[in-house]
Amino acid sequence: MNNLISMRDLTKEEIMLFMETAAKIEKGELNPNMERKLAALMFYEPSTRTHFSFATAMKKLGGQTITMRGTQNSSVQKGESFADTLQTLAQYADIIVLRTGIEGSARYAAEVVDIPVVNAGDGANQHPTQALLDLYSIIKTQGTLENLNIGVAGDLRFGRTVHSLVYSLSEFNPKFKFISPSFLQMPSYIKDDLVSQNIEFEELQEIDQKIEELDVLYVTRVQRERFADPEEYEKAKSSYILRRSMLAGVKDNFRVMHPLPRVDEISTDVDDTPYAYYFQQAKNGVYTRQAIYAVLLGGLK
Ligand code: CP
C-alpha cells in the first residue's frame, strides 16, 4: 500500500490491518518508530480534527511535521501551480497529508509525487482517514463491524465522510438507513453500488424514525450553504436535530457518532448520555492516524 486515496481502493484485509494496527498502538503493544520521518500537512481547506490529529499522531511516534494551512502565506499567491507545490514539499517530507476542496486532487497528487499521499478530504468526494477512524470507533463500541444496523443522517449528498464510511462498511454486510431531506439524499452512484452488492438500505426523512433498530447513528451537519431558501433550511434542520428525548427506546449498544464539527444537529443534552461517542471518536483519530503512518511508512516491524 503506497497511498491512501479512497476507501474504494482498500480490500477488507487492508481495512482490518489498519484496525489491528490502531488497536495495538492504543494498547501499547506496537510502538512504530518514526524518529527520522517528516510529514507535510498540506491543508488548502480549514480543519481542526484532521490536521491536529495527524500532527499529534506523528509527534507521538517520534517524528515531525511541517504545515501549510491555506495558501495565504505560500507561493501559491505568486502563481505557483498545485503540481509544483507538491513536488517541492515532496523534496522535504516522507509523506504528504493533503486536504483540498477539489474532487480527485489527492489521486492526482499521488501521480505527481513519489512519496505516499494521504487524502485528508478532497471536496465532496472522499475522506478515507475519517472512515478508518469511524470504523475503529464502531469496532470499539460494537465489538465487530459485521451485520450492523447503521443510520446515516444529514447531508448525504455532499458529505464526503458518509461517502467513505458507506463504502468501507459495505464490506461487512450492513443494513443502512439513510436519513436526509430528499434533495440531500445519498448520490445515485453510491446507491447503485450498494444495489449491485445486495446491500440493504432504506431512505427515511426523520432522524428518530426506526432509531430503536439501530446500532449506530452517524449524524452529519445539514449544510446551510446548500439551501437557496433560508426558510427551507430552517424547516429541514428541525427534522435533523437529535435530542435526548428521542433516545428513550434505543438499544444498550446504541451509539451516536459524528465526524464533527457539530453545529446544532445533536442537541448538547445528548452529550452526557451513555450513547454519545463523538468526542471519543475524535480521540480514536489519533490511534488510527498513527496506524496510517505506520502502514504507509514501514512502521509495522
Ligand atoms: N471530521 C473532520 O474532518 O473534521 P475537521 O474538518 O475539523 O478536520
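User: What is the volume of the largest pocket?
Analyst: The volume comes to about 570 Å³. A volume here is the space filled by probe spheres set on grid points, with points joined across faces, edges and corners. This is a predicted model, in which local features need pLDDT of at least 70 and side-chain atom pairs count only at pLDDT 80 or more, while totals for chains, interfaces and linings use all residues. Residues are numbered from 1 along each chain as its sequence is written, and side-chain values use heavy atoms, with hydrogens and water left out.

User: What makes a set of points a pocket, and what makes a residue part of its lining?
Analyst: On a 1 Å grid over the protein atoms alone, a pocket is an open set with protein on both sides within 12 Å along at least five of seven lines. A cavity, by contrast, is a set of points where a 1.4 Å probe fits but cannot get out. Lining residues have an atom within 4 Å of a point. The largest pocket has 25 of them, and R99, R160, T161, R221 and P261 are the closest to its centre. Helices α2 (49-60) and α6 (160-169) are the elements that each give two or more residues to this lining. Helices (H or I, at least four residues) and strands (E, at least two) are DSSP runs, numbered from the N terminus.

User: Why is the largest pocket said to lie between domain 1 and domain 2?
Analyst: Domain 1 (7-126 + 285-296) and domain 2 (128-282) both give residues to its lining, so the pocket lies between them. The domain bounds come from an automatic or database domain assignment.

User: How do the residues of the lining of the largest pocket divide?
Analyst: They divide into six nonpolar, twelve polar and seven charged. Ala, Val, Leu, Ile, Met, Phe, Trp, Tyr, Cys and Pro count as nonpolar, Asp, Glu, Lys and Arg as charged, and the others, Gly among them, as polar.

User: How much space lies in the second largest pocket?
Analyst: It holds about 150 Å³. Of its 13 lining residues, M68, S74, S75, T85 and L89 are the closest to the centre. The elements giving two or more residues to that lining are β1 (38-43), β2 (64-69) and α3 (82-92). By class, the lining has seven nonpolar, five polar and one charged residues.

User: Why is α6 called largely enclosed by the rest of the structure?
Analyst: Buried means under 20% relative accessible area, exposed over 50%, and partly exposed in between (1.4 Å probe, protein chains only). Ten of the ten residues of α6 are buried, so the helix is largely enclosed. Among them are R160, T161 and H163.

User: What makes β3 largely enclosed?
Analyst: Six of the six residues of β3 are buried, so the rest of the structure largely encloses this strand. I95, V97 and R99 point one way from β3, while I96, L98 and T100 point the other way. Strand β4 (residues 117-122) is mostly covered too, with six of its six residues buried.

User: How do you know that β3 and β4 pair?
Analyst: Two strands pair if DSSP finds at least two bridges between them. Strand β3 (residues 95-100) and β4 run parallel and are joined by four bridges, so the pair meets that definition. T100 has D122 as its bridge partner in β4, and I96 has V117. On β1, A40 is the bridge partner of I96, and β1 and β3 pair in the parallel sense over five bridges.

User: What makes a right-handed β-α-β unit with β3 and β4?
Analyst: β3, helix α4 (residues 105-112) and β4 form the unit. A crossover is called right-handed if, with the strands pointing away from the viewer, the path from the first strand over the helix to the second runs clockwise.

User: Is N198 buried or exposed?
Analyst: Its relative accessible area is 70%, so N198 is exposed. N198 sits in the loop between α7 (188-196) and β7 (200-204), and has a positive phi of about 60° although it is not a glycine.

User: Why is K210 called partly exposed?
Analyst: K210 has a relative accessible area of 30%, which falls in the class between buried and exposed. K210 lies in the loop between β7 and β8 (216-219), with a positive phi of about 60°.

User: Which peptide bond is cis?
Analyst: The bond joining L260 and P261 is cis, with omega about 10°. P261 is in the loop between β9 (255-257) and α9 (278-296).
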